[in-house]
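Hi everyone, thanks for coming. I'd like to walk you through one model today, going from the overall layout down to single residues.

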Amino acid sequence: MRIDVVSIFPEFLAPLSLSLIGKATETGLLDFAVHDLREHATDRHRTVDDTPTGGGAGMVMRPDVWGAALDSLLEGTQEPVAAPRVVLVVPTPSGDTFTQRVAEDLAQADHLIFACGRYEGIDSRVAAHYRETGVEVREMSIGDYVLNGGEVASIVMIEAIARLLPGVIGNPESLVEESHGAAGLLEYPVYTRPNDWQGKEVPEVLLSGHHAKIARWRRDQAFAKTIARRPDMIEAMPPENLNKADRALLQEAGWRRQSDGRYLRPTEPPTQG
Ligand code: 6GU
């Protein structure tokens, strides 16, 4: 996979050259490069922004500068034969939510280009233009809070995507049971030695060597943790992922079974005052 990042702060992306991603780049699994947007500015001040048309606070990034930067990266990738899948990712707090499912989808692409905006964002015509020219454009938010620019969000997304590429993670088994994986549950609690630390003992079942019992215990722990912390994930769960014990637990906790087999959390009693 090839990944390009365009930013006015290329040094911001330096952490990606460390650890997993750096190793994947060295071994040739990943072709990763960062580009300075200002290289495509045309005036002697290397201006990349201007005031918002129609008025208002802050500055907006110029479409002509972004167009030059993105055209240089898209050059030669639009050939009709053996068309590679190129995705232009535009980090923005007003984008669609980036999730593990999106990471899995983007990990299938051949070429990702991250366009990091600063200030009040990039002129809206940039995303529209590339969409019209047939580029897959994904405006993405990493959560409901505001960052100063797309750089940190790009680091988050690239780490989530790159670790899914075959060969990047040493032991792919570790991808199977993790939080937000295929099971639709949060991860079960993990322990290592010493068995007794600060008077807290590792759960007995994990020392039993009984693999089926351990698997069942972990599944139950993952399920209970997900009910407590992320009831929305339980509500979204396909009914076929719920076993008999799960359904009993949900019913016991006051969850209501819908006609489609999914469960709704108990409604909170109205608060006093
Ligand atoms: Cl992708 N960008 C910015 N600037 N803020 C964000 C974000 C992205 N996702 C959440 N907040």
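The protein chain has eight helices and 11 strands; these are DSSP runs, with helices being H or I of at least four residues and strands E of at least two, numbered from the N terminus. Please keep in mind that this is a predicted model, where local features need pLDDT of at least 70 and side-chain atom pairs count only at pLDDT 80 or more, while totals for chains, interfaces and linings use all residues. Residues are numbered from 1 along each chain as its sequence is written, and side-chain values use heavy atoms, with hydrogens and water left out.

Now the overall dimensions. The radius of gyration of the protein chain is 24 Å, whereas a compact globule of 273 residues would have one near 19 Å; the value is taken over C-alpha atoms, and the globule rule is 2.2 Å times the number of residues to the power 0.38. Along the principal axes, the C-alpha atoms fill a box of roughly 70 × 55 × 45 Å.

How much of the chain is buried? Of the 273 residues, 38% count as buried, meaning under 20% relative accessible area, with exposed being over 50% and partly exposed in between (1.4 Å probe, protein chains only). The chain exposes about 16400 Å², and carbon and sulfur atoms supply 51% of that area. For contacts with a separation of 6 or more, 69% come from residues 24 or more positions apart, where contact means heavy atoms within 4.5 Å.

On to charges. There are 28 positive and 40 negative ones, and their mean positions are 8 Å apart. Lys and Arg count as positive, Asp and Glu as negative, while His and the chain ends are not counted; each charge is placed at NZ of Lys, CZ of Arg, CG of Asp or CD of Glu.

What about aromatic pairs? A search of the whole structure finds one. The pair consists of Phe-9 and Phe-12, and it is tilted, with 6.3 Å centre to centre and 50° between the planes. For the cut-offs, ring centres of Phe, Tyr and Trp (its six-membered ring) must lie within 6.5 Å, and planes under 30 degrees apart count as stacked, over 60 as edge-to-face and the rest as tilted. Phe-9 is partly exposed at 33% relative accessible area, and Phe-12 is partly exposed at 35%.

Next, two residues in strands. His-35 lies in strand β2, residues 31-36, and counts as partly exposed at 25% relative accessibility. Beyond its neighbours within four places in sequence, His-35 is in contact with residues including Arg-2, Asp-4 and Leu-73. From His-35 to Ala-57 is 22 residues in sequence and 28 Å in space, C-alpha to C-alpha.

Arg-138 sits in strand β7, residues 136-141. Is Arg-138 buried or exposed? Arg-138 is buried, with a relative accessible area of 18%. Leaving aside neighbours within four places in sequence, its contacts include Arg-85, Val-102 and Asp-105.

Arg-193 and Pro-194 are joined by a cis peptide bond, with omega about 0°, and Pro-194 is in the loop between α5 (150-162) and β8 (196-197).

Which residues other than glycine have a positive phi? One is Arg-46, with phi near 55°, in the loop between β2 and β3 (49-50); Arg-46 is partly exposed at 34%. Another is Gln-198, with phi of about 55°, in the loop between β8 and β9 (200-201); Gln-198 is exposed, at 65% relative accessible area.

Definitions and conventions: Areas by Shrake-Rupley, 256 points an atom, 1.4 Å probe, with all protein chains shown as cover.
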